[in-house]
Structures are given as structure tokens and as C-alpha cells.
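Here are my notes on the model you sent over, point by point. Have the structure open while you read.

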Amino acid sequence: MTNKTLTLTDNQTGKTAELDLLEGTHGPGCISLKNIYKDTGYFTYDPGYSMTGSCKSGITFINGEEGILLHRGYPIDQLAEKSSYLEVCYLLLYGELPDKTQFDHFSDTIKMHTMVHENIRDFISGFRYDAHPMAMLVGTVGALSSFYHDSLDINDPKHREISAHRLIAKLPTIASYCYRHHRGLPFMYPDNNLSYVENFLQLMFAVPAQSYQQNPVAAKALEVMLILHADHEQNASTSTVRLAGSSGANPFASIAAGVASLWGPAHGGANEAVINMLEAIEQSGETIETTIARAKDKNDPFRLMGFGHRVYKNFDPRAKIIAKLCHELLDELDGDQPLFKLARELEEATLADEYFQERRLYPNVDFYSGIILRALDIPMNMFTVMFAMARTVGWISHWSEMHSDPEYRIGRPRQIYTGHAKRDYPG
Ligand code: ACO
């Protein structure tokens, strides 16, 4: 809080409200609305809450104008270059980077929880053969609460911590089972001799009949992808987790709510839209020039998927990192496939184009993540599952932070009622 206030005056009644101005470490200040109803008789109206700070948080900072993303103060490019995904998990959860002993202990703890109860395997097997992997994921994460009655006391920090560890550890196992059930493949058991990412690749792609060959380039690409998607402040799914959890709902139910929110195409589905667009361009035989001309034509609703961002009006810092990775991966794996060639040409052409330059429309993280996941042989209906797996640590860190915040209250927005005025039942 600062000593500054803002005075709001109602011109009709002359009533005034003194509103405190709050400031964080970085970023624009906020007007505290705590007393606004008491002093003026008004609520505020902010559809989509895009002008509303819903909480105080020390986890992630974004400056979209300057293209900055910090986790616990550390720039994302430094974390992507120097850290592992599990180390970033520790940082998000506990607020500091771990020393070697802390990291080894954390890593061992996560490994201890990678297996799931055999009944969860049966539970996943019970889904229809053609169930969407996200449908299975949302159901299975919610179902975890029926397996862990021993640690559902949200007021006990130890219980909250165990739930966080279980979620981080089990998500790769569950995500892979969602994929394998869909494909009719047998479920593999986790291998705790492997790194978090290698274990996931093995769970996804190994078959019991032969040993699985890890590809270090693929593992590195996936590691960085997970780091880049680990948290992104108060986005729709994170806010959903906080809102669901604010009623006291258990962590598994709260995270399942986040998975459901992520499922929407306006949130987690953008990278899938990129591949759909590239395939459509390829099949239609359109050229890069005509595609770009369509994207610029205001009479054509077509937009280039994977370009532009609501928050980042500069190069998305995650996109810079992932672009480099994407190029390395394509060189190594499937460099000359037509789809990837098309993606590279489109990227080059838009970066050189005045329309995109003037509007500061850069390729966003989803442009590259879709291409990377495709190159890793991850099917499109698993893209959002991958995102959910990476973001689980962000969700549970925010959920935990909320429960240790003395100002936390149940989330309960207001409304402007536009229905009928009070009327009497006829007759
Ligand atoms: N292709 C062509 N033109 C575009 C694109 C695009 N992808 N994105 C924005 N523009 C143009 C708009 O037509 C507008 O032009 P004008 O000033 O001549 O009218 C200008 O750029 C500004 O566009 P807005 O819609 O006002 O930008 P906004 O910030 O509201 O939209 C959004 C951001 C929704 C992401 C948009 O860029 C878009 O639709 N992109 C494609 C979808 C996509 O990739 N979504 C994933 C985003 S990443 C994420 O959410 C995790």
C-alpha cells in the first residue's frame, strides 16, 4: 500500500470515497475497491475482469509492453537456458531456487509419487475408446481426490505440500495413459531412473516388447517447452483454480477446474489451431503471399493463427526461446517435411512484412509449440494435455499461495441485473 489515495465523487449525490492506491514490486498500481460499496453504494463493472487485480501474488510477473516474464524474479530466458523443469517447479512452489540437497530431496520426493493406484488405470480404461484425452484428464484429475483422503485438509500446509507433489509427479503418468487408452496401447509404468521428461517420453512412446531409445534433442525440447508453460500469472485457468479453491474445494478438484478452463480453444487450444491452419494452407495449395494477403484483408475473417497476443505487444519472451529451439529441433528431426517448411516460410515472411511490424504482431509461443509437439510425434488432441501437464505446477503454486494469504476470501463477483423487475405470479 502507498500513502496515496484517489477520491471518487458521485456528481449526483455528492458522496465521495477515498480509495487507497496499492503498488507492487513492478507493474502499474491498483485502486483498492474495498470500501467502494460502503462509501458510494456502487459496485464496479469489469466484464472478463481484465481491469481487476484479484489477488496479491509473488509468483510471476509479466510486462506485455516490454516482453518481460519473471518467475519469482528470475527472467524466463535464464530459467529456460540454465534450469530444469523440476527446478522451476521447486522455484514456483517454494519461492527460491533449490540448492543441491534441496533439489535432490525434491526430485526423489516427486519420483516417489510417479505411480498411480491400479484403480486409476482401471478408471481410465473405463472411458470410451474414442474419448478425447482432455475429457479423460479432467475426469481423472478430479478422481484423484477419491484416492487421497489422507491429505485433503487444505488448512494443513503439509497436506497442501503432499498434494502438490502428487500432482506434479502423477500428471505425466496420467497424461500418457489418456493417450495410450485412446490408441489402444498398454499402459507403461513410470521409470524413476529417468529424468522427469525422459520418463514422460518413455511412458508415451515405449512398448513393453522392446527397449525405448531416448532422443536427447527431443527430451531437451520438451524440457524447455514445459518450463515455458509452467506459469503465466492470473490467466483464465489459474484464476479458475483460485476461484474453485477459494470455497475450500480440495486441490485435485480445484486443479480439475483449471484443466477444464484450459480446454477451451481461446486458452489452451491455440497451438492446435496453428497446425490446423498450416494443414489447411498446404491442402488448399495457397501460397505464402496469398495467405498473408488474406490475413491483412479486413473483409476476410481469416487471421494468422499463432500471431499476436493479448498481453504481449512486443516479442513474447517465451516465443524467442521456443523459436530457437524449434529451428534446432526441425534441423535435427524432420527438417524438410512440407508442413515445417511452410511454417518457416510463413514466419520469415510475416517478420519482414510491414503490416505485422506496424501492429507489433509477432509469432507467439503457440506458433512454435504446435510445431514442436508435431515434430515430437505428439498427436494434436494431446496438445492441450501437454499444456495442462506443464501448467499444473503453476496452478498448484497459486492455489497454495492463496491458502496462505491472510486476505484470502471466497471469490464472489457481483453483477448488473438486467432481468425482469419484480412482478407478481399471475392469477
Ligand atoms: N493475423 C492478422 N491480423 C491480426 C492478427 C493475426 N493473427 N492479430 C491481430 N491482427 C490485427 C487486427 O486485425 C488489428 O488490425 P487493425 O488495427 O488494422 O484493426 C490489429 O492487428 C490488432 O488486433 P487486436 O485484435 O486488437 O489485437 P488483440 O490484442 O485484441 O488480439 C489476439 C490478440 C486475439 C491473440 C489476436 O492477435 C489473434 O486473434 N491472434 C491469432 C490467434 C492466436 O494465435 N491466439 C493465441 C494467442 S497466445 C495465447 O493466448 C496463449
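**Notes on the model**

1. Let's start with a loop residue. Glutamate 233 counts as partly exposed because its relative accessibility is 27%, which falls between the 20% and 50% cut-offs. Keep in mind that this is a predicted model. The residue sits in the loop that links α9 (216-228) to α10 (236-246). Its backbone deserves a look too: phi of glutamate 233 is near 65°, a positive value in a residue other than glycine.

2. Arginine 360 is another one to check. Its phi is positive, about 50°, although arginine 360 is not a glycine. You'll find arginine 360 in the loop between α16 (354-358) and α17 (365-375). With a relative accessible area of 34%, arginine 360 is partly exposed.

3. Now the ligand. Which residues are closest to the ligand? Leu304, Gly306, Phe307, Arg310 and Lys313 are, out of 17 residues that surround the ligand. Sorted by class, that shell holds seven nonpolar, four polar and six charged residues.

4. Lysine 313 puts a polar side-chain atom 2.4 Å from an oxygen atom of the ligand. For arginine 359, a polar side-chain atom lies 3.0 Å from a ligand oxygen. Asparagine 364 has a polar side-chain atom 3.1 Å from an oxygen atom of the ligand. As for cover, the ligand taken alone exposes 930 Å², and the protein buries 69% of that.

5. Is histidine 71 buried or exposed? Histidine 71 counts as buried, because its relative accessibility is 0%, and buried means under 20%. Histidine 71 belongs to strand β5 (residues 68-71). Leaving out residues up to four places away in sequence, histidine 71 touches Ile59, Thr60, Ile76, Leu79, Leu91, Leu92 and Asp231.

6. On to the nonpolar packing. In soluble globular proteins, nonpolar side chains tend to be buried together. Here, the largest nonpolar core has 113 residues, and those with the most contacts inside it are Leu137, Ile168, Leu278, Leu346 and Ile372. Helix α18 (residues 383-403) gives the most to this core, with twelve residues.

7. Setting aside neighbours within four places in sequence, leucine 278 is in contact with Leu339, Leu342, Ala343, Leu346 and Ile371.

Key. Residues numbered from 1 in each chain as written. Predicted model: local features only at pLDDT ≥ 70, side-chain atom pairs only at ≥ 80, totals over all residues. Heavy atoms only, no water. Near = heavy atom within 4 Å. Polar contact = N/O pair within 3.5 Å; in protein donor to acceptor, adjacent residues only side chain to side chain. Areas by Shrake-Rupley, 256 points an atom, 1.4 Å probe, with all protein chains shown as cover. Nonpolar A, V, L, I, M, F, W, Y, C, P; charged D, E, K, R; others polar. Helix = DSSP H or I, 4+ residues; strand = E, 2+ residues; numbered from the N terminus. Buried < 20%, exposed > 50% of the residue type's maximum accessible area, 1.4 Å probe, protein only. Contact = heavy atoms within 4.5 Å. Core = buried A, V, L, I, M, F, W, Y, C linked by side-chain atoms within 4.5 Å.
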